[in-house]
Amino acid sequence: MSHHLWHRPRTADPDGTGHGTHKVSFSDSSKSSKRDSSRSSTNNSRPSTPRVLSPRRDKEKDRPRSTQLWSDNRVWQRVNRQSEALWQESPSILSPNSPQPRPFLIYHDTFLSLLGPSPTLSLLISDPRAPYFHEAGVFHPQTNTLFITSNQIADPSPDAVTTQNKTIVITKIEFFSPTDFTRDKVRCPERNYMANGGTNYRDGVIFCAQGSLREPSGLIYMEAKRPHKTITLLNNYHGRPFNSPNDVVVHSDGSVWFTDPIYGYEQGFRPKPQLPQHVYRFDPATGDIRVVADGFGRPNGICFAPNEETCYITDTDLIHGDGTRVHSRPATIYAYSIYWTNDQPYLTNKRVFAYADTGVPDGIKCDVYGNVYAGCGDGINVWNSGGMLVGKILIEGGCANFCFGRNGEMWCFGEHKLWRVKLADETQGALLGV
């Protein structure tokens, strides 16, 4: 095995948008590193509890690691933060024999234990007909079924006039093994009214119904089994219509939390907004609906930490519903502390948790260790609970959303493509309960 010093060259930016393709190159180093060799032998350890380091810690431990032990059969590559920050002036440093980027980028050693000894990224479905794999991503353990909502698809039928002749399809994939499955379109007795984000709820699924120019938006519950009957849980805030609910998560107390940006209005299938872009908490047991957070450009993904003491909400204001990109606007994950008073939760202590370096952080979820995963313009980005980027799962074309399954399994949605990721068996979704 050989040793390499990793560098990140200046990003190519042919269209002036600031979104060139990152490539990693290397220069050879003949010096060996016993320290790196010993580290590679302990990569399979589980993530440990975060430690608070004293100011007088060993300076050697703070020094950026600039070498890695490379093996051609590995599917990951280490990114060195020091060389990443030093942009190279000339792309000529790229070696003509440099390996193609691997699907797993290592920013910190803790990501290795999340990946496990043999992580894989494989393409399950590629369908050029339409972007069937876009949002939701709800795995129903009782039936071993995955539900996915599509992006907008042209619909010439008279029923689609109120959605500007667009529709959204819910796909149902029933798994018999990781690679043996059936795929079908969910045919609800009622229209789903532009379903988007979703989450597990009781024996079925809650979807965010974005609504149309005529039908209200809100939350709908769909039975997981045929004939997939649906009922409306909520469709107004004290008589005022929601904008176009985008993502939803269920708290262990039974309450339903969801985001409500104005993407539907910007895309022409919702009326002019009558409410700000809020985050709401709905209690089905009492009917109570209230605002828990505001001040967003475009609130999008939402999830809870495993202990439910922190709520993460993404703001994707960089991309507007008409496709406009404003790079000075947020592509940010915010963290909130959940504070209880009078038996009711409040979101307090808003702070920036992370900013996505490529695209926007759309769908967001936590694993059982408290690490935060978000679908971004280059794939799945992973931060630890302190907000440090520990790794990436690179996916061609990016990934708007994703979903955890059993035993380290994850499905990632790339519009026309459905990807399967296999991580360590112990790396599982925080609130899935499998």
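Mentor: Start with aspartate 425 and lysine 422, which form a salt bridge with the closest N and O atoms 2.6 Å apart. Keep in mind that this is a predicted model.

Trainee: What makes aspartate 425 and lysine 422 a salt bridge?

Mentor: The cut-off is 4 Å between a Lys or Arg side-chain nitrogen and an Asp or Glu carboxyl oxygen. Here the atoms are 2.6 Å apart, so the pair qualifies.

Trainee: Why does lysine 422 count as buried?

Mentor: Its relative accessibility is 18%. Buried means under 20%, so lysine 422 counts as buried. Aspartate 425 is at 42%, so that residue counts as partly exposed.

Trainee: Which side chain meets lysine 417 in a salt bridge?

Mentor: That of glutamate 396, at 3.7 Å from N to O. The pair links distant parts of the chain, 21 residues apart. Lysine 417 lies in strand β31, glutamate 396 in the loop between β28 and β29.

Trainee: Why is glutamate 396 called exposed?

Mentor: Its relative accessible area is 60%. Lysine 417, at 23%, counts as partly exposed.

Trainee: How do you know that asparagine 381 is buried?

Mentor: Its relative accessibility is 0%. The limit for buried is under 20%, so asparagine 381 counts as buried. Asparagine 381 lies in strand β27.

Trainee: What joins the side chains of asparagine 381 and aspartate 378?

Mentor: A polar contact of 3.1 Å. The cut-off is 3.5 Å, so that distance falls within it.

Methods:
Residues numbered from 1 in each chain as written. Predicted model: local features only at pLDDT ≥ 70, side-chain atom pairs only at ≥ 80, totals over all residues. Heavy atoms only, no water. Helix = DSSP H or I, 4+ residues; strand = E, 2+ residues; numbered from the N terminus. Buried < 20%, exposed > 50% of the residue type's maximum accessible area, 1.4 Å probe, protein only. Polar contact = N/O pair within 3.5 Å; in protein donor to acceptor, adjacent residues only side chain to side chain.
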